[in-house]
Each structure stands twice: as structure tokens, then as C-alpha cells.
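Let's walk through this structure together, moving from the place where two chains meet to the details on either side. Keep the 3D view open as you read.

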Amino acid sequence: MSAVTEPFPRGSISRFFEAWPPLTLIALGWIALMVVVALGADFLAPYSFTALDLRARLSPPVFMGGSWAHPLGSDELGRDVLSRLIMSIRLSLLIAFCGTLIAAAFGTTMGFVAAHFRRKVEAVVLMMIDFQASVPFLIIALAVLAFFGNSLILFVVLMGLNSWERYARIARGLTLSANEQGYAAAVRQLGASNLRVYGLHVLPNIASTLIVSMTITFPETILLESGLSFLGLGVQPPLSSLGNMVGYGREYLTRAPWIMLCPAAVIVLSTLSISIVGDWLRDRLDPTLR
Amino acid sequence: MLRYLAGRLLRALFTIFLVITFAFFVLHASGDPALMILSADAPPEAIKAFRAAWGLDRPLWVQYLNYIAHALGGDLGNSMRDGRPAVQIVLERVPATLAITLPAFALKLAIGIPAGIYAALHRNSLADRLTMMLSVAGFTVPSFVLALVLVLIFAVKLGWLPSAGSDGPASAVLPIVTLGIAGAAILARFTRSAMLEVLGQPYIRAASAKGLSWRRVVTEHALPNAAIPTTTIVGFMVGTLIAGAVVVESVFAWPGIGRLLVSAVANRDLAVVQVILLLVAATMVTANIIVDFVYGWIDPRMRSKGVVGGH
């Protein structure tokens, strides 16, 4: 985010804001804040996220007439909402990050495999893509969780399988066209292995499209994770994610709306910020996408 | 065209078959249902009797063939919880789900498509920017947050509508609005970009240049062409009529398929989960076939080529 080092011929303020629209800067700022919170969660949280303070149950946040002892209020058991929020941000971001990486890595590999082997292998991959498109992923995820029970590892893998097919389709299409261009054939003639051709030559050429896709997958994964956790079928207590907090806060909607509103606001602001940055990146990196 | 549709139908049936197989194998890879239902410390005789009753003591391939044979005959097993046929339990819930998803679908079309068209025709106007801002919110606000905020405003603060339950039409309003708003935002965005794409085409300029009024250019040239990509997303929405309300039904305690699914997952009532999975896949696949028919109808190019969509 080193905006200052960007060289501008005339160096005027208006030019700066043309390249970095204020909305994008705000969005980047919010994402940076979330990353700092996630990385420094242990130092930033004022209390342990499971610590009870039975004398201060359901105390309102500062902006609703509460005290600074619990800036965002406390819940039914007197647990500090701010501390729980910080820990939940960490877990939600971690799951979304891992899920996005798994989706991108698995999907891109499948796309390469399909484009490389063609024929039957390609048909199988396309069939898997069709299958995934035929059933909403929330339903598949619920079915798998019903059958296998819940563990954090399984849950993260599931989040990764959510949108692999997007990467597979993109990677397959772009690889097919890359294979028809000279450069892939040229390095192959020079004796490069398949791993080298795809890893070092094709991948960098399609990377910008994949990165833009990741800015779409990441908020989707946050929404899916928080939805499942909200239903009580995602992250399990004592761990807490943003969706869990909203689900828990729903019980206290009338008496303590802040328990639900704080994590809900974080979910919305985060997905919104990533979408804004994604749009901006798309315009910069990859004008071919819509 | 007919041959193409026959091919599509075959592929659709194959997808359904894949879903059945997927459900069966995931079911059996997941551990012993007898232990899950009866708990691990049940007496061995009870577990044995349970296995025999559900055919779990036979070889896997026998179970699979049996399962397929029964599935073809419409018998998808009984609920492991209350012993009634799972198909019956699921079908009982369909009317309740449709009672909120169908009005929501109408709401999406009624708001989303006109808003998208208007925004595209008045590009960069205040209305356009407002529509786009709202539609971004439609993408980024999770449905359970939207639902709870609506409950907070209209049920808790204003007390106009019930916050949950299913007594009378009033309790259906908030679920319908929640589903409708989110869908309308997505549809508006798609319609707008489809319209903008079409409006930038040379034939629009040609139509204007030959002296057609702008109104006729829009209604006779732009709208029919923009309808093609919009059909895809509308078709997808038809496909989610059954399963698109899982979260919203849970928030509002609405007794539909979605809530049944969540409780079946929590109770590990595998037969019910399977039937829902199958029903959802069948709906999606049917919706896709309908979309293909509609393509052929609205896009003359498809008819002559006999090829629709595809990879």
C-alpha cells in the first residue's frame, strides 16, 4: 500500500486520487485494519474471549451509554464483545484465506490438467464442474457436514471446495489459448518439463485474472462460512467466528442488539471493502474481464 | 434442435444419477449410522437389529444396487428418526417453501429488471449510481444479517410484523422481503451490464441512424438482445426456488425445506438429507433445461445452429 512511492509525472493531488480513488483507499484501509487485528489479536484483545464478568452482564457499548470497561458492551455471560469480535475476525479471516487459497490452487491445477490432457480427463473435469454447478454449494456443504460431522479441518477444506470450479474454468480456458500461442510451445521445444511450462510460464501469464477471481472468492467464502456458522453448523464453540457471534446475538436481539450488530457490521464492511478493491484491481490488472 | 435437447435431457438425467451416487457413497463413507443414531454404548443386539432393519449388514455393492433400484421406484428410504417415508416428509414442506420463494421471485423480477434497465439507460445518473450502490450491498450483506436487521426494525422497534413463525400472511412478509431484496440487487446488476453491453453494439447505432425513435430502438433492438444473458441468471433463480431459502427460513422459523434440512443435518437424519439433495438437484437441472428452451425461443440464432450454450 505504498501509495507515496507511485511516480506521477506531474505529482498533483488530483492525479493521485484518479489512480487511487478515495473509496478504494478507505476500503484498503479497512482491510489493512482487519489484517492487523487478525495478526495481533492476542495483544489487542482487552480480555480473554472466554473470560466471564458476571457483574457486567449485557452491559451496553460506549455509544449506547455504556462504560469504557467494555467498549462494545458485553453478552449474557459478561464476556467482552470487543475481545470476542477480535478473536472472531481472526478465525473468520483465517478460514476465508485458507479456503480461497485451496480453491485457487486446486481449481487452477484441475484447469491445467484438463487443458493438458484433453479428451477423457477433460471430460471428467468438465463433468465435475457441471455437478458442482447443478447443486447450490450450501446444500452440498450441509450434506457433507451431516454425513461426516464437524471438524475445523474438514470445514476449511469444504470452504476451499466452494469455488474451485471458477478457477478450473478460467485456468482451462486461458491455458488452451496459451498453448496455441508461441511461447508455451517454444519453452517446450527447449526441453522444459510440464511442471516448468505451467508453473513458470503459463501461470504468470494468467495470474492477474486468477488474482482478480480471488477477490471474488474471498468475500464469498466469508459469507458462506458465516452463514454456516450462523446456522450452528460451521465453527463450533468454544471457538468463535463472526457468523457464530451473529447467531448467538440473535437470541438477544431485543435486549442486547449490539451483540449481533457489531459482528454483522464487520462482515458487511469486510466483504464490501474486498469487493471495492477487487473492482479496482480488475480495472488495473485485467481490462479483459467485465 | 430436437437432437440437441435430447442430448441435454440425457445429460440432465446423468447429473441426477451422479447426485444419487454421491449421496450414497458420502453416506457410507461417513461411518456407521447405527452408532450415530443409537449412540456408541447401545447394547450390541440393538445395534445388530438396527443394521439388519436398514440393510446395513449386507455388502456395499448390494446396498448400492438395492438403493438405486428403490430410488428408481420412488422409494428413498424412511426417516431414521420417525420412520415415515423421507420423500413424504420432504414433500410436505414444499408448499411452505414455495409460499415464500415464489412471491420473492416475483419481487426480484419486478424490482431487479426495471431497475437494471433504467440504470443502464441513464448511465452515470444519480439513479444509476444509487442502483449500483444498493446492488453492491445486495452482494455483500449476508441474508441472515439483512433478515435480523429487518426484524430489529419492523418487529422489535415498530412492532408492525411478527418476528418469526408461520401464522397468517403477515409472518410471510419479512421472509419474502429479505429474499426479494437480495435477489433484486443481483438481478439489477446483471440486467444493467447486459443492457450496457447491448447498447454499445454497432446495430444500436445503425438503428438510431436510420431514424428510429429512441423508444423503438430500446424496445425492439436493445431489450430483446439484453434478455438473453438475463435469462441465464433468472433461470438460476428458478433453480433455487426450493433450496434458496435455507438461511432465511431458519431465521424466521419458517417450516419449509430449508429449516427441515438444517434440522436433519443437525440430527443426522441421512435419508431426509438425501431426498432434499436429490430434490434440489432435480430442480436445478430442470431449470437449466427450461433456460435452454427459452434460449431457443428468444434467440433465433440458436434455432438455426441447433447449438445452445455448451462449452
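The contact between the two chains draws 35 residues from chain A and 38 residues from chain B, where two residues are in contact if their C-beta atoms, placed from the backbone, lie within 7 Å. On the side of chain A that touches chain B, at least two residues each come from α5 (119–134), α6 (137–148), α10 (194–230) and α12. The greatest share is that of α6(A), with nine residues. Sorted by class, this side of chain A holds 26 nonpolar, six polar and three charged residues; here Ala, Val, Leu, Ile, Met, Phe, Trp, Tyr, Cys and Pro count as nonpolar, Asp, Glu, Lys and Arg as charged, and the others, Gly among them, as polar.

A word on what you are looking at: this is a predicted model, in which local features need pLDDT of at least 70, side-chain atom pairs count only at pLDDT 80 or more, and totals for chains, interfaces and linings use all residues. Residues are numbered from 1 along each chain as its sequence is written, while chains are lettered from A and ligands numbered from 1 in the order in which they are written.

Stepping back to chain A as a whole, you will find twelve helices and zero strands; helices (H or I, at least four residues) and strands (E, at least two) are DSSP runs, numbered from the N terminus. The C-alpha trace of chain A spans about 75 × 60 × 30 Å along its principal axes. Of its 290 residues, 43% count as buried, meaning that 20 or more other C-beta atoms lie within 10 Å of the residue's own, with C-beta atoms placed from the backbone. Among contacts in chain A between residues at least 6 apart in sequence, 70% join residues at least 24 apart.

Now look at one helix pair within chain A. The axes of α4 (residues 81–117) and α12 (residues 258–285) of chain A come within 11 Å and cross at roughly 30 degrees; axes are lines fitted to C-alpha atoms, for helices over the stretch in contact, and angles run from 0 to 180 degrees between N-to-C directions. Residues making this contact include A:Leu85 and A:Ile89 of α4(A) and A:Trp258 and A:Val266 of α12(A). By class, the contact has eight nonpolar, one polar and no charged residues.

Finally, which residues does B:Val273 contact, leaving aside its neighbours within four places in sequence? They are A:Ala143, A:Ala146, B:Leu261, B:Ala264 and B:Val265. B:Val273 is found in helix α13 (residues 270–298) of chain B, and B:Val273 counts as buried because 27 other C-beta atoms lie within 10 Å.

Key: A residue is buried if 20 or more other C-beta atoms lie within 10 Å of its own, exposed if 12 or fewer, and partly exposed in between; C-beta atoms are placed from the backbone.
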